[in-house]
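Please walk me through this structure, element by element.

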Amino acid sequence: MTAALVLGALLAAAAVLLVALPYLREPRAPDDTLEQPGELERRQLELAEARDRALAALKELEFDHRTGKVSDEDYRALVGPLRREAAAALRALEPRAEVDARVRNRV
Amino acid sequence: MPELGRAALVVTLGLSLYAVVAGAYAARYRRRRLALSAQNALLGAFGATLVASALLLAALVRNDFSFVYAAAHTSRDLPTGYTISAFWGGQEGSLLLWLLILTGYAATAVLLNRRSARDIVVWVVPVLGGVAVFFAFLLVAVASPFATQAAPLDGRGLNPSLQNPYMMAHPPLLYLGFVGLTVPFAFAVGAMLARRSDERWIVATRRWTLVAWTSLGIGQLLGAHWAYEEVGWGGYYAWDPVENAALMPWLAATAFLHSVMIQEKRGMLKVWNVLLVLLAFSLSLFGTFLTRSGIVSSIHSFTQSSIGPWFLAFICIVVLGSLALLFARLPLLRAQTRLESLVSREATFLYNNLLLVALTLTILWGVAYPILHELVYGEQRLVGQGYYNFFVRVFGLPLLLLMGIGPLVAWRRASLRGLALTFAWPLGVAVATGLLLLPFGAGSSIPGLIAYSFAAFVLASIALEFARGTRARRALSGGSWPRAFSDLVARNRRRYGGYVVHAAVVLLAIGVAGSSAYDTVSERQLARGEALAVGDYRLTYERLEEREAANATEVRAHLRVERDGEELGTVAAGKNAYAAERQVTNEVGIRSDLATGEDLFVIAEQVNADGTVYFRVFVKPLVNLIWLAGLVFLLGAVVALWPDAREQRRLAVRYARAGVAQET
């Protein structure tokens, strides 16, 4: 009984220590604000998702055409809009890439 | 040390509660250290639950009958394997297993995703903590596995029907599945709370859903095999509410695994995907509620159950709370694109989803109806197997067909001319199969014949996909055929793993159709030396034997088996009498022919004092394909789950460039 109580107390102490760990490691954090993606990062992510989606669709269409699953007629009808979609997605992401390049050049 | 066990569970409850309160505060007011502290609380909750579980397991293995749970579910002569499986043989142990898996999953999911989806994970922590609080509360205050008593000399033993090797794996696998669905639920709710509509919650939970879904699938097959061997009525699935409890979340998760691809490929169905995740998780809670509350036997046992009302209240909170949140976030989840054509891959996925959800809700109604009827009219009205069998044909056969159609149709849209070219081979194979089977008597069951033709169609379309893909890959990169094949699979594991799973479902459908639509049965009482004929078999009852096993008296009737005059050996069926548990069980005899997939299934219904035995004998064609389907299913799931380094790199670059991933 006593041993169980001691072990129980130790377990509780370990739990308290674990949850207090971030505060013990940084008792006076200069900045305790949780970093979160801002509007710009979220927009960038959405654009990157759209770009990856368009490129993957294009790649899949090419492969399906090669396997014979997509006929020549269907391929011709689908490839144009998909290419335009992919190009638009890439263009939308470009300004950020240019900014990055400028920053890199300055550094 | 029951006190330490109780203390460990109290610590788990405290830590989970802290994860909810501190986690929600940190997420709302963007407190970094507090968010980390709440994440640590979840890790600690897993550690404390592990301590509690180790203590209960030790009590079971040491036959410490001062633990009420150990005395109620084990006995001194129970073999060690079953002593360990007694951990999940009763209510309190099952709940502890739920909590152990939940906290383990929660800790792992948070650790794996706190860099790439940190703004979502801060909200996931309180959601996972909330579910853990519920189970920890039940274990601390309502159904403690650490209740003690003055130790009796021996325990009451484990329910004999649970003393089967399949029962050592079936419940933990089901729990891995039920609990695993908590992770996608928590990420979906976390993303909505964080007001994020990007795909990170889907990327983060894809593997969790696959793991949960695979565990549920394999767990159900093991359960079906257990029922086949142990329950002794000649079948493997009886549409029992407890069986349906595992099937419903599996079907909802199957729908999600398909529809999530539409969101990834086309940015559509965001609301629908969240709904499916909520449905799958709610059904997994409902499944645990069904098996643990006693509501299946009657409303009265539910009201007397210690945990039933708590469970019902929790399910209501989860369903209403998450639906309210979804409603509030509807503008955020608007689709970016629209369905271009009703003849496209995404459209077939949509049809598949509608059928899967319709089947799920039909089964849910079949489970709920007797309960609601009893609630309103005071007496239960059971839903028979006919109801389920009818709807399985109505929804299941088109689903089977769609499994063959889907892979052949391109994304976005396909012309009818293009489709005709693609469908020619599989369609030809399906028609030829149907025609070929007719002379063999397959026409005696029209649904069976349709199922076989559809199965041939699906297998042909899968084979075509692999063959065309390998040929195209070889043309692109050269090399040998095996190299081209492995390249093909490695470049799109989810797609080709999915096809292997489809092949498993086809094997399952063939096995179910064969063993249920074309089985033969014969029954009669035999004295020694008398014979019984069933199908092509002739069974002669030779002798009755009795022997003492570790914890039971076994009686076996031995029958000589002949087929078309050729002697095939013997099969034994009988009964086991368990002294500690005071129960008698049916022990069936099964002779499997692995070449044809057929089983000869013998039940000794009644063993009489004069040595005569009443036998019921089934011939079940193709039934072994059902168990083979389990292996193929596992293979497909492993292929789909296998980490894809190329995709991980692509995602890492995407998150880093967008500035949403934390620096390592």
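Is the crossing of α17(B) and α19(B) left-handed or right-handed? The crossing is left-handed. This is a predicted model, and the description below rests on computed geometry.

Begin with that pair. Helix α17 of chain B covers residues 446–477, and helix α19 of chain B covers residues 493–517. Their axes come within 10 Å and cross at roughly 160 degrees. An angle over 145 degrees counts as roughly antiparallel. The two helices, α17(B) and α19(B), are therefore roughly antiparallel to each other. On the α17(B) side, the residues that meet α19(B) include P447(B), G448(B), A451(B), Y452(B) and A455(B). Further along α17(B), V458(B), L459(B), I462(B) and E465(B) also take part. Facing them from α19(B) are Y499(B), H502(B), A503(B), V506(B), A509(B), I510(B), A513(B) and A517(B). An α-helix has 3.6 residues a turn, so residues three or four places apart point the same way.

Helix α2 (residues 32–61) packs against helix α5 (residues 91–113) of chain B at an angle of about 145 degrees. Their axes are 8 Å apart. The crossing of α2(B) and α5(B) is left-handed. From α2(B), the contact draws on Q39(B), L42(B), L43(B), A45(B), F46(B), T49(B), L50(B), A52(B), S53(B) and L56(B). From α5(B), the partners include G93(B), L96(B), L99(B), L100(B) and T103(B). G104(B), A106(B), A107(B) and V110(B) in α5(B) are also partners.

Now take a single helix, α9 of chain B. The helix runs over residues 200–231, 32 residues in total. At 1.5 Å a residue, α9(B) should span 46 Å, and its end C-alpha atoms are 45 Å apart, which agrees. Even so, α9(B) bends by about 40 degrees at R206(B). Of its 32 residues, 25 are buried, so α9(B) is largely enclosed by the rest of the structure. Just after the helix, G232(B) takes a positive phi of about 70 degrees.

Turn to chain A. Its secondary structure comes to 3 helices and 0 strands. Along the sequence, the pattern is α-α-α. Of the 107 residues of chain A, 22% count as buried.

α2(A) has 29 residues and reaches 42 Å from its first C-alpha to its last, close to the 42 Å expected at 1.5 Å a residue. Its buried residues include Q44(A), L45(A), L47(A), A48(A), E49(A), A50(A) and R51(A). R53(A), A54(A), L61(A), D64(A) and T67(A) in α2(A) are buried too. Just after α2(A), G68(A) takes a positive phi of about 95 degrees.

Next come the loops of chain B. L269(B) lies in the loop between α10 (241–266) and α11 (270–293). Its phi is near 60 degrees, a positive value in a residue other than glycine. With 22 C-beta neighbours inside 10 Å, L269(B) counts as buried. R412(B) lies in the loop between α15 (385–405) and α16 (416–437) of chain B. Phi of R412(B) is near 75 degrees, again positive in a residue other than glycine. R412(B) is buried, with 24 other C-beta atoms within 10 Å.

L339(B) belongs to the loop between α13 (308–328) and α14 (345–377) of chain B. L339(B) is partly exposed, with 16 other C-beta atoms within 10 Å. L339(B) and L269(B) are 70 residues apart in sequence, yet 9.9 Å apart in space, C-alpha to C-alpha. Leaving aside neighbours within four places in sequence, L339(B) is in contact with M268(B), E346(B) and A347(B).

Finish in a strand. A572(B) is found in strand β5 (residues 566–578) of chain B. With 21 C-beta neighbours inside 10 Å, A572(B) counts as buried. Not counting residues up to four places away in sequence, A572(B) touches R556(B), A557(B), H558(B) and G589(B). A572(B) and G129(B) are 443 residues apart in sequence and 52 Å apart in space, C-alpha to C-alpha.

Terms used. Residues are numbered from 1 along each chain as its sequence is written. Chains are lettered from A and ligands numbered from 1 in the order in which they are written. This is a predicted model: local features need pLDDT of at least 70, side-chain atom pairs count only at pLDDT 80 or more; totals for chains, interfaces and linings use all residues. Helices (H or I, at least four residues) and strands (E, at least two) are DSSP runs, numbered from the N terminus. The expected span of a helix is 1.5 Å times one less than its number of residues. The bend at a residue is the angle between axes fitted to the seven residues ending there and the seven starting there. A residue is buried if 20 or more other C-beta atoms lie within 10 Å of its own, exposed if 12 or fewer, and partly exposed in between; C-beta atoms are placed from the backbone. Axes are lines fitted to C-alpha atoms, for helices over the stretch in contact, and angles run from 0 to 180 degrees between N-to-C directions. Angles under 35 degrees count as roughly parallel, over 145 as roughly antiparallel, 65 to 115 as roughly perpendicular and the rest as oblique. A crossing is left-handed if the near helix is turned anticlockwise from the far one by less than a right angle, and right-handed if clockwise. Two residues are in contact if their C-beta atoms, placed from the backbone, lie within 7 Å.
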